[in-house]
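Have the viewer open and follow along.

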Amino acid sequence: MSPDEIEILARELLSAYKAGEMFATLPSARPGFDLDAAYAIESTLKKFREGEGHKSVGRKVGYANKAMWRVLKLETLVWAHMYDDTVHFSEGNSAELTVTHPRSLKIEPEIVFGLKAQLTRQGIDAAAALGSTEWLAIGFEIIDCPFPEWKFQPGDFVASFGLHAALVIGEKIPVQPELIPKVVDELSRFKVRMSKDGQFVEEGSGKNSLKNPALCLAELGAAIERRFPSDPLSAGEIVSSGTLTAGHLADRGDVWTVEVEGLSLPPLTLRLT
């Protein structure tokens with residue numbers, strides 16, 4: 001796609017995002033659209049948002065599942081930026097959230113990392129990734145799909161803000177260097193339980209995020225470095241590392257709780273208003 005086509009499509013996607021409108025024709029249905037074009041659109045959207053006074057505060061992950069890579073012919077996971085008006089911290093592990101213009105919301109529990117150092121090295125392992133991490137937390141990623149019937153390709157995901165509507169973060173637990181081997185092991189084995197309005201919905205696991213959320217973080221850092229060497233994952237960024245369960249349809253009035261077993265993170269409750 002030409003630079004003019006990239007900008008036009010980015011403006012269309014931004015307009016739909018602001019108005020809460022559906023996007024009937026997938027970007028991937030347009031001539032010349034591929035994953036390179038998707039990231040060019042995502043970068044253009046970031047410039048537009050920054051021009052409006054919003055700051056990028058981190059990245060969110062999509063397709064943190066190697067089985068999906070084979071099906072979709074991906075070489076790695078995908079990602080999009082998150083912003084200062086979409087990332088929220090809970091108080092006392094409880095929060096309320098209003099999505100202003102929802103289209104079709106889903107909620108996903110994810111491990112969230114806060115970085116203290118740049119993360120770029122190829123072949124980095126989970127322990128090294130945690131060595132660049134200041135804290136971790138459980139969080140709720142709220143995704144909002146602008147495409148009918150939740151049908152889209154990875155490039156469509158990237159070009160539409162990664163479907164990101166909001167991230168709500170629970171209590172931040174410091175990563176202590178001497179405990180990193182223990183945390184790496186726990187991240188590969190811990191479980192979560194999702195409940196809606198007090199009723200059990202689903203159990204998930206850290207294995208659902210690329211076998212270990214810390215491995216997902218390492219993969220993200222390497223993937224970003226390959227594609228955007230001048231814009232690596234950096235100190236201060238927040239990373240939402242991929243869902244631990246299926247995404248579940250969500251609506252105003254819902255009260256969601258995620259409980260964590262096998263990892264020292266307190267439960268997080270979110271009310272959608």
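This is a predicted model: local features need pLDDT of at least 70, side-chain atom pairs count only at pLDDT 80 or more; totals for chains, interfaces and linings use all residues.

Q176 is partly exposed, because its relative accessible area is 40%; on this scale, buried means under 20%, exposed means over 50% and partly exposed is in between, with a 1.4 Å probe and protein chains only. You'll find Q176 in the loop between β8 (173-174) and α6 (180-189). Helices here are DSSP runs of H or I with at least four residues, strands are runs of E with at least two, and both are numbered from the N terminus.

Residues are numbered from 1 along each chain as its sequence is written, and side-chain values use heavy atoms, with hydrogens and water left out.

Now for another loop residue, K55, between α2 and β1 (56-62). With 56% relative accessibility, K55 counts as exposed. Leaving aside residues up to four places away in sequence, K55 touches M82, Y83 and D84, where contact means heavy atoms within 4.5 Å. K55 and I138 are 83 residues apart in sequence, and their C-alpha atoms are 22 Å apart in space.

On to the helix pair. Two packed helices are described by the angle between their axes and the distance between the axes. Helix α1 (residues 3-19) and helix α2 (residues 35-51) have axes that come within 9 Å and cross at roughly 60°. The axes are lines fitted to C-alpha atoms over the stretch in contact, and angles run from 0 to 180 degrees between N-to-C directions. So α1 and α2 are oblique to each other, the label left over once angles under 35 degrees (roughly parallel), over 145 (roughly antiparallel) and 65 to 115 (roughly perpendicular) are taken out.

Which residues of α1 and α2 meet? From α1 come I6, E7, L9, A10, R11, L13, L14 and Y17, and from α2 come A37, A40, I41, T44, L45, F48 and R49. These residues divide into 11 nonpolar, one polar and three charged. Zoom in on T44 in helix α2: T44 counts as buried, because its relative accessibility is 16%. Beyond residues up to four places away in sequence, T44 touches I6 and A10.

Notes: Ala, Val, Leu, Ile, Met, Phe, Trp, Tyr, Cys and Pro count as nonpolar, Asp, Glu, Lys and Arg as charged, and the others, Gly among them, as polar.
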